[in-house]
Amino acid sequence: MAGRKNHHVWRMLQRGFGEKRGKDHHIWIYRKGEKPSPKGTGNFGVDRFFYGPEGSETDKRITEFENSVQSDIQDARKLENGAELDAAFVAPLIAHLEIRSNFLRSELSNMTERMFMALDEHFSSTTKVQAMMKNYLGKNPKKVDAFLGKNFVPVDQRDYVSELFDTYIDNLPPNTASDLFDGKIDEIFNMAQLVPDGIKEAHNKAILSIEPNSPRIKALEEFTYTVYRPHSGQLVLPDTCVAFIGPKNVAPFTQPKDDMQTVIIPISAEVAIFGKKGKQRPMELKTINRLLAGCAYDAFIAKIDDPKLATLAGRIGKYAKVMSDKEVRELFSFERMLSD
């Protein structure tokens, strides 16, 4: 989770997982492949200009929202296990946490790079270029006929010329793909350098679109929210702040196609907000922390240095993907490109 230097809600959540030492709260940070390390909450997960310059429209909107929910979060931390919470408070909180995450912006950039790599893989192969050319000719006989007509090929000779096309394609030199598409691929990768700025702008617009009557808020209001307190042990907080659980998938971000039945938002080491649709079986703390750790993008935090929690660091990033590598491959698969 990244935000402005004075990103109140993120700092507030962190303090619920820290111990007060002097002016700051200290937390333990868990990352994949690293030993847990202590750090002050003011120095973790902040990027001063993440949303743009201070005083921007996005910055003002975030500040207003954060000021409006701080007391509600503090009150929720004091409630007993099972106490019900108002969806009018929780739904906007979740919407802001999930869409404002650094994970979302970084993952969109990362996904774009993966898509370009998939395209490069196809256009760097002469065999695949040959198949694409033949596929195009086979699916567009009228265009081929029109092309031959423009070049004054007699009607009774066009079938023969079409066969020559196939023969020509079959005998393309091995370096044809690189000769044809090297420049285009370079252009694509040059365009990719502009993607982060476009994603930042789109991300800020998405933040500004979070309104009381927005589809995202309405969908989150369909959950029933209660306070969860583990009998023993402590919760972890992923840098994405939220874990959604459905019958087939887990993620820190919801999409319209997802059928999420449970949502978990840790607000302190001892308290989480649980949102449920219908009747869901209770989860053990061990399972909850495994899901939360898997929804972390870069790290999760905890109040203590615990070997049991350290074993969860290997799960970081497991669910923190807008689109899986498999989905990217399928979207840009050679077979799909031919069928389209």
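Leaving aside its neighbours within four places in sequence, with which residues is Ile94 in contact?

## The surroundings of Ile94

In this predicted model, and with its neighbours within four places in sequence left aside, Ile94 is in contact with Leu220, Tyr225, Val242, Phe244, Val263 and Ile265. Ile94 also belongs to the largest nonpolar core, a set of 63 residues, where Ile94, Tyr225, Ile265 and Ile273 are those with the most contacts inside the core. Helix H3, which spans residues 87–99, gives this core its largest share, namely eight residues.

As a general background, nonpolar side chains tend to be buried together in soluble globular proteins.

## The chain as a whole

The protein chain has 340 residues, of which 46% count as buried, and its secondary structure comes to 14 helices and eleven strands. When contacts between residues at least 6 apart in sequence are considered, 73% of them join residues that are at least 24 apart.

The accessible surface of the protein chain amounts to about 18,300 Å², and carbon and sulfur atoms account for 53% of that surface.

## A largely enclosed helix

Helix H11, made up of residues 285–295, is largely enclosed by the rest of the structure, because eight of its eleven residues are buried. The buried residues of H11 are Leu285, Ile288, Asn289, Leu291, Leu292, Ala293, Gly294 and Cys295.

## Two helices that meet

Two packed helices are described by the angle between their axes and by the distance between the axes. Helix H5, residues 126–139, packs against helix H6, residues 141–150, at an angle of about 90°, and their axes lie 5 Å apart. With that angle, H5 is roughly perpendicular to H6.

On the H5 side the contact is formed by Tyr136, Leu137, Gly138 and Lys139, which meet Pro141, Lys143 and Val144 in H6. Sorted by class, the contact of H5 with H6 has four nonpolar residues, one polar residue and two charged residues.

## A loop residue with positive phi

Cys241 is placed in the loop between strand E6, residues 237–238, and strand E7, residues 243–245. Although Cys241 is not a glycine, its phi is positive, at about 75°. The relative accessibility of Cys241 is 0%, and so this residue counts as buried, given that the cut-off for buried is under 20% relative accessible area.

Key:
Residues numbered from 1 in each chain as written. Predicted model: local features only at pLDDT ≥ 70, side-chain atom pairs only at ≥ 80, totals over all residues. Heavy atoms only, no water. Axes fitted to C-alpha atoms, helices over the stretch in contact; angles between N-to-C directions. Helix = DSSP H or I, 4+ residues; strand = E, 2+ residues; numbered from the N terminus. Parallel < 35°, antiparallel > 145°, perpendicular 65-115°, else oblique. Contact = heavy atoms within 4.5 Å. Nonpolar A, V, L, I, M, F, W, Y, C, P; charged D, E, K, R; others polar. Buried < 20%, exposed > 50% of the residue type's maximum accessible area, 1.4 Å probe, protein only. Areas by Shrake-Rupley, 256 points an atom, 1.4 Å probe, with all protein chains shown as cover. Core = buried A, V, L, I, M, F, W, Y, C linked by side-chain atoms within 4.5 Å.
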